[in-house]
Amino acid sequence: MSSRASVAIFVAHFCGAWGWYVLISWLPRYLETLGVATADLPWYAIPPYVANVLGAIVSGWVADDMLLEGAPRLEVRRWMQGISLMGPAIVLLVLTIGQVECPMAVCGWMVAALFLKSFVYSGIHSNILDIAPDHAGQLFGLSNTFATVAGVAGNILTGWLFQLHQSFSGVFLVCCGVYLVGTVTYGCLSAAEPVFQAGPGGQGCVRVRDSAVLREL
């Protein structure tokens, strides 16, 4: 899957998953460094994930409204994906540069971060259907492999950075850099028209633009 559009999805998925897995894995530890007792963690850690579910619904409404109003599909995908990456990046920058230490304030910012993160469902997740309508499942599986690698690598690096500095500032700055890479790459390479379709007789995968059979998925 060497097309520009698929590379854009793979990179954006990798970068988004990096921050996602870091946050879901390390949020309790981050809250503990701010003085939150273990027994009180659910009150601060659960709201961001509730917001993530609500954000997924809202992003669908927003994307549908933009499409119904005549916005180009590619523009909609780029906006949704940009929000899902740069939204959390801005939040993490605020927490780092502003040195926010109030647990309630951190919880509020994390609610915003994970709410915006869920706009990914109207970004690359929908974009996979745009470019490979006949092979969306296979393309998503491949893309999710890159995302899983990001989850493993992100957690390993986070553990090392936290052990080294006993702070999440470096962790958050790395996440911001990764988010930025994903945003720029997706913005430059993404497409919204079909790039792959089923081959002759429904077998394999044909690249639409040059009609070259890539391989059976």
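Buried means under 20% relative accessible area, exposed means over 50%, and partly exposed lies in between (1.4 Å probe, protein chains only). Helices (H or I, at least four residues) and strands (E, at least two) are DSSP runs, numbered from the N terminus. The model is predicted: local features need pLDDT of at least 70, side-chain atom pairs count only at pLDDT 80 or more, and totals for chains, interfaces and linings use all residues. Residues are numbered from 1 along each chain as its sequence is written, and side-chain values use heavy atoms, with hydrogens and water left out.

The secondary structure of the chain comprises seven helices and two strands. Along the sequence, these elements follow the pattern α-α-α-α-α-α-α-β-β. The chain has 217 residues, of which 45% count as buried. A contact means heavy atoms within 4.5 Å. Among contacts in the chain with a separation of 6 or more, 74% join residues 24 or more positions apart. The chain exposes about 10,300 Å², and carbon and sulfur atoms supply 66% of that area. Accessible areas come from the Shrake-Rupley method with a 1.4 Å probe; for residues, only the protein chains shown count as cover.

Helix H6 has 30 residues. From its first C-alpha to its last, H6 reaches 42 Å, close to the 44 Å expected at 1.5 Å a residue. The expected span of a helix is 1.5 Å times one less than its number of residues. Buried residues in H6 include Ala136, Leu139, Ser143, Ala147 and Ala150. Gly151, Gly154, Thr158, Leu161 and Phe162 of H6 are also buried. The buried residues of H6 pack against H1, H5 and H7.

Just after H6 comes Gln166, with a positive phi of about 55°. Gln166 sits in the loop between H6 and H7. Gln166 is exposed, with a relative accessible area of 54%. Gln99 is another residue other than glycine with a positive phi, near 50°. Gln99 belongs to the loop between H3 and H4. Its relative accessible area is 62%, so Gln99 is exposed.

Helix H7 has 21 residues, which should span 30 Å at 1.5 Å a residue. The end C-alpha atoms of H7 are 31 Å apart, which agrees. In H7, the buried residues include Val171, Phe172, Cys175, Cys176 and Val178. Tyr179, Gly182, Thr185 and Tyr186 are buried in H7 as well. The cover over the buried residues of H7 includes H1, helix H3 (73-97), helix H4 (103-117), helix H5 (124-131) and H6.

In H5, six of the eight residues are buried, so this helix is largely enclosed by the rest of the structure. The buried residues are Ile124, Ser126, Asn127, Ile128, Asp130 and Ile131. Ser126 counts as buried because its relative accessibility is 18%. Leaving aside neighbours within four places in sequence, Ser126 is in contact with Arg77 and Tyr121.

Ile46 lies in helix H2 (residues 41-68). At a relative accessible area of 49%, Ile46 is partly exposed. Ile46 and Val111 are 65 residues apart in sequence, and 9.2 Å apart in space, C-alpha to C-alpha.

Rolling a probe the size of a water molecule over the atoms shows where empty space is left. A cavity is a set of points, on a 1 Å grid over the protein atoms alone, where a 1.4 Å probe fits but cannot get out; lining residues have an atom within 4 Å of a point. Grid points are joined across faces, edges and corners, and a volume is the space filled by probe spheres set on the points. The structure holds two cavities of 30 Å³ or more.

The largest cavity contains about 30 Å³ of space. Its lining consists of Val22, Leu23, Trp26, Leu27, Tyr30, Met110, Phe168 and Phe172. Helix H1 (residues 4-33) gives the largest share of this lining, five residues. By class, the lining has eight nonpolar, no polar and no charged residues. Ala, Val, Leu, Ile, Met, Phe, Trp, Tyr, Cys and Pro count as nonpolar, Asp, Glu, Lys and Arg as charged, and the others, Gly among them, as polar.

The second largest cavity has a volume of about 30 Å³. Trp18, Val22, Gly154, Leu157, Thr158, Leu161, Val171, Val174 and Cys175 form its lining. H1, helix H6 (136-165) and helix H7 (169-189) each give two or more residues to this lining. The largest share, four residues, comes from H6. Seven residues of this lining are nonpolar, two are polar and none is charged.

Note on methods: On a 1 Å grid over the protein atoms alone, a cavity is a set of points where a 1.4 Å probe fits but cannot get out, and a pocket is an open set with protein on both sides within 12 Å along at least five of seven lines; lining residues have an atom within 4 Å of a point.
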